[in-house]
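Dear colleague,

I am handing over the structure that follows, together with a written account of what was found in it.

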Amino acid sequence: MKRFLFSQFSIVLLLYSFFFSSCNEINEVTPLNSLTVTVNKAAIYENSGESFVFQATGDDNVDYTSVAEFYVNNNLIQGCTYTATLQGTYSVYAKKDDLTSNTVIIEVLPSPTLYAHKVLIEDFTGAWCGWCPRVTYSIEQVHSRTDKVLVAAIHRGNPSGPYYDPWNLSEGVALETALNLQGYPTAFLNRVTEWTYPENANINQPINMLKQTSTYGIAISSTLGAGSGTITVSFSFKESLPNARCVVYVLEDDLRCDQVNYTSFFGGASVLVNFRHMDVVRKVVSSSILGQNIPSDQSVADNVYTMSFTASSYTSSNIDKLKVMVILLNSNGRVENVQVAPANCFQDYELAD
């Protein structure tokens, strides 16, 4: 009987010893000789809201983060997370008992240069289109609220007779097909969505698509005459944009032509005599209205890529009214950013406010 009780006691003792050792979060039976600190990233941007997260590991491959102390520039911090708001270089190490880890260097970098973001309206219109003045009026209302929504008016029509329009853009057919255009007037926003009818009741729709910043900048310079010239475009990529494409237009303002009108806008006359047409696309300069490829090894983060174009076969009424529009597209053919510049001028990258 005594022998049986002793055996039971031995088993209980063994179980207790096993349970006690397994419940210890960190088993320090083996002496700890060194401590190594690591960090989730080497650098962050100031005021980005990102944080450094530290980890302390012993030479026994045990994670001691929960029981270690972390020091940034020799100052003890709470926990293992550190959010820095000032630019600079910081040293980090960890301590546990009498052990001090290695020191790692982390950096807080200046905020990256970010560019102004703009939204594109492509207005499919015609001098023969009696409902088109509704969109023209709506565009004027958008312009009264912001200068960051840009317009390209794609005119469609015949040079004489029915559906007369003197500025027909034949390349517009390809874009109409790609966007599944159903009729006139139609305005597309960033080649993503149709401006909701009636546009004059939805003025905020394009405005609400504006972002505070863009990681893609566009610089433009040109030398344009009445019928030909050259255009140079530079793209600044702060982040990669795989399979990027660009579209380059020559636009002209203040072109005059009678406009058929079925609306109450602009005084409500059935014909708006000598109507002032703005942002008229006179020439597609890029290889396609759907976009010209940008080499994949050039549309990468922290790179600037410059392209040169020859513009020809357009007839300008007044070169002082010419403009160059450059559209940057993503791999889905959607607009990432857009910029416009007067002809024969240099438009530098426009920084975010």
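Helices (H or I, at least four residues) and strands (E, at least two) are taken as DSSP runs and numbered from the N terminus. On that basis the protein chain has 4 helices and 24 strands. Its radius of gyration, taken over C-alpha atoms, is 32 Å, well over the 20 Å that the globule rule gives for 353 residues, so the chain is more spread out than a compact globule; that rule is 2.2 Å times the number of residues to the power 0.38. The C-alpha trace spans about 120 × 50 × 35 Å along its principal axes.

Two notes on provenance belong here. This is a predicted model, in which local features need pLDDT of at least 70 and side-chain atom pairs count only at pLDDT 80 or more, while totals for chains, interfaces and linings use all residues. Residues are numbered from 1 along each chain as its sequence is written, and side-chain values use heavy atoms, with hydrogens and water left out.

For the chain as a whole, 44% of the 353 residues count as buried, where buried means under 20% relative accessible area, exposed over 50% and partly exposed in between, with a 1.4 Å probe and protein chains only. Taking a contact as heavy atoms within 4.5 Å, 69% of the contacts between residues at least 6 apart in sequence join residues at least 24 apart. The chain exposes about 18,100 Å², of which carbon and sulfur atoms supply 51%; these areas come from the Shrake-Rupley method with a 1.4 Å probe. There are 21 positive and 33 negative side chains, and the centres of the two sets lie 4 Å apart, with Lys and Arg counted as positive, Asp and Glu as negative, and His and the chain ends not counted. The place of a charge is taken as NZ of Lys, CZ of Arg, CG of Asp or CD of Glu.

Turning to the sheets, two strands are said to pair if DSSP finds at least two bridges between them. Three strands form an open antiparallel sheet in the order E1-E3-E6. Strand E1 (35–39) and strand E6 (81–82) stand at its edges with a single partner strand each, so one side of each is left without a neighbour in the sheet. Strand E3 (residues 52–58) and E6 are joined by 2 antiparallel bridges, and Phe52 has Tyr82 in E6 as its bridge partner.

Ile121 has Val151 as its bridge partner in E11 and stands opposite Leu189 in E12. In strand E11 (residues 149–155), 7 of the 7 residues are buried, so the strand is largely enclosed by the rest of the structure. Strand E12 (residues 186–189) is covered on both faces, with Thr186 and Phe188 buried on one side and Ala187 and Leu189 on the other. Leu189 is also the bridge partner of Thr193 in E13, and in the hairpin of E12 and E13, with 3 residues between the strands, Asn190 takes a positive phi near 55°.

Finally, 4 strands form an open antiparallel sheet in the order E21-E15-E14-E24, and its edge strands, E21 (303–312) and E24 (346–347), each pair on one side only. Strand E15 (residues 228–237) is joined to E21 by 10 antiparallel bridges, with Ser228 opposite Ser312.

With best regards
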